[in-house]
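Visitor: I'm new to this one, and I'd like a close look at a single part. Please take your time and keep it simple.

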Amino acid sequence: MKPDDVAKGRSAVGSEAGTAALHAAAVPGAVTRVARAGATLRPAAPFLIALIIWWGAWALLRPPDIILVPPNKVFSALLDLVRQGLLDAFIKVSLERLARGVLVGILIGVPVGWLLGLNEDVSRAAEPILRFFNAVSGIAWLPLMILWFGFSERTISAIIVYTMAFPVIFNTMLGVSTIPNRLPNACRTLGAGSLRIIKDVYVPGSFPSVMTGFRLGIGYGWRALIAGEFVVGGGGLGFLIFNARTQGNIAEVMGGMIVLGLLWLMIDRLILSSVEQNIIGRWGLMRT
Amino acid sequence: MTQANSNGSTIRASTVESEPPTIAIKSLNHVYFDYQSKKTVHALKDVELEIQPSELVTVVGPSGCGKTTLLNIIAGFIKPTEGQILVNGRPVNKPGKDRGVVFQELAILPWRTVYRNIAHGLEIQKVAKEEIERRVRRLTELTGLEGFENHYPHQLSGGMKQRVAVARTWAADPEIILMDEPFAAVDAMTRQTLQEELLSLTVRTGKTVFFITHSVEEAVFLGDRVIALSARPGRVKADITVPVSRANRSWREMSKNDALQECVEDVLELVRGEATASDRSGGAVSADRTHEA
């Protein structure tokens, strides 16, 4: 809407007076450019403040390196890791583990959620236990998983799949079961059979909720993964952080933490929320 | 459509004596258990009704009198406890594309554009793309939706959304259209426009329409016949033929036409007793045009 208005204003001015219009046109363009730059920079400001507080606290207290290091030391520690090729190797291990677990979690979660959601009585009965397992986080399962699968890749996969599957099951079920009966009923009167109704009503209708499940599940899975890597090891960001601590390398610990957070921001911003907004935004926030 | 018609008329010609009504409701009784109040509800009692081809029958009655239950049974969404619904002589036991429904609450799909909502029934029936385009264009014209084809429902006003719902049902070209208080949720001004549009649409397309409302004025304005249902359990209390042809009605005429005004008074009189009876149980019938949504 906005750029359109600006463009219209511009052409209107342009048709009246030539050179004056050129000057006038530059102003709204510049204004939008500044506004746009402001909008992209605004989320960076709190990070800058956090950095200043961190550095300020360090400068004030001057703690030993084993307690806290300043930002520049963390930065150079990260640079070293990159130079050694360790950082991207660890990131790769973590992301691969996450991707595998998430994929299996979705493959289990979506069909199960669907089956539970299609029947009203079943979904009502299933809700409390799903909430229960949602609350018992993946980390809480670690001791048992280690007993069952040992300090192995399987333990890590199992907790990610677990933390992924439950939010996905729960939200998929919710998405399917909250579609009002009149929508499938209306399609039935148009001559639609069950498969058609699933395709035209239940799949798109449950989509926003399924996406919420994905987003929550991947977020929980990411945390569970780090915890799993603390305990199980075998590479990955969690291993990097935990291992650096045992060596007393606080700069690497904090560097690993920062990479963790930034990676998640990227996953969430670039992939999940853009898909969500693209599709849900088009349908409107409210279901009619 | 022409094919279906010619087929229909040949069948009718061969069975001259017993031409079945489009809809026949036979000794219908419906009882169900309400989980909220934990009570058994006798919703409909001994309902008998016949609706002829191209007739527009409106049903009025206090809230909770079983109007919507009756519509759901005709649509095939619920099975009656007792009795039968015959459509062209054949018993109804499930929803079918011969009976389109316009719901009280909006039932168009929010993730489809106006065009794709209207086209939905035709897509399901695997109608050719050009034919879909032609029919959707005709209906967007008839319902005043031109220019909104690519809008999503959330970008439309309440009245426009209901137009989409009406157009979608008409596009699929069912023989019968069941409407459950479709204009209850729009403002009074828009409602009058929609009612007039519906009249011309039904006159032009010759559909058989079963229309539920709790507004007596709406019932008289739209109907060839008005069926008054009693408070629960719903029974047919009166079956009134509206004295003016549907083709010549408009709200302007409505206020000036004595025959129509008298008809409103008659139905109101019939329904008033029921309203007070059901007021005690929370229902109401309104006579004015600006009743609440």
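This is a predicted model: local features need pLDDT of at least 70, side-chain atom pairs count only at pLDDT 80 or more; totals for chains, interfaces and linings use all residues.

How many helices and how many strands does chain B have? Please show me that chain closely.

Guide: Chain B has nine helices and 10 strands. Helices here are DSSP runs of H or I with at least four residues, strands are runs of E with at least two, and both are numbered from the N terminus. As for the labels, residues are numbered from 1 along each chain as its sequence is written, while chains are lettered from A and ligands numbered from 1 in the order in which they are written.

Let's start with the chain as a whole. It has 293 residues, and 42% of them count as buried. A residue is buried if 20 or more other C-beta atoms lie within 10 Å of its own, exposed if 12 or fewer, and partly exposed in between, with the C-beta atoms placed from the backbone. Then there are the contacts: two residues are in contact if their C-beta atoms, again placed from the backbone, lie within 7 Å. Take the contacts in chain B with a separation of 6 or more, and 71% of them come from residues 24 or more positions apart.

Now for the strands. In general, strands of a sheet pair through backbone hydrogen bonds, either parallel or antiparallel. Here, two strands pair if DSSP finds at least two bridges between them. Have a look at strand 9 of chain B, residues 225-229, where four of the five residues are buried. On one hand, strand 9 pairs with strand 3 of chain B, residues 56-60, in the parallel sense over four bridges. In that pairing, I227(B) of strand 9 has V59(B) opposite. On the other hand, strand 9 is joined by five bridges to strand 10 of chain B, residues 236-241, and these two run antiparallel. You can pick out the facing residues: V226(B) has I240(B) across from it in strand 10, and R225(B) has T241(B). Strands 9 and 10 of chain B also make a hairpin, with six residues between them.

Next, an open sheet. Chain B has one of four strands in the order 2-1-4-5, with antiparallel pairing. Its edges are strand 2 (39-51) and strand 5 (90-91) of chain B; each has a single partner strand, so one side of each has no neighbour in the sheet. Further in, strand 1 (residues 23-34) and strand 4 (residues 82-87) of chain B pair antiparallel over five bridges.

Helix 2 of chain B is largely enclosed by the rest of the structure, because eight of its nine residues are buried. Those buried ones are K67(B), T69(B), L70(B), L71(B), N72(B), I73(B), I74(B) and A75(B). After helix 2 of chain B comes G76(B), which has a positive phi near 95 degrees.

What does chain B touch on chain A? Across the two chains, 24 residues of chain B are in contact with 18 residues of chain A. On chain B's side, the elements giving two or more residues are strand 6 (99-102) and helix 3 (114-124). By class, that side has 15 nonpolar, five polar and four charged residues. Ala, Val, Leu, Ile, Met, Phe, Trp, Tyr, Cys and Pro count as nonpolar, Asp, Glu, Lys and Arg as charged, and the others, Gly among them, as polar.

Helix 9 of chain A, residues 182-189, has six of its eight residues buried: L183(A), P184(A), A186(A), C187(A), R188(A) and T189(A). These buried residues pack against helix 10 (194-232) of chain A, along with helix 2 (67-75) and strand 6 of chain B. So that's helix 2 of chain B again, with its eight buried residues. Just after helix 9 of chain A, you'll find G191(A) with a positive phi of about 100 degrees.
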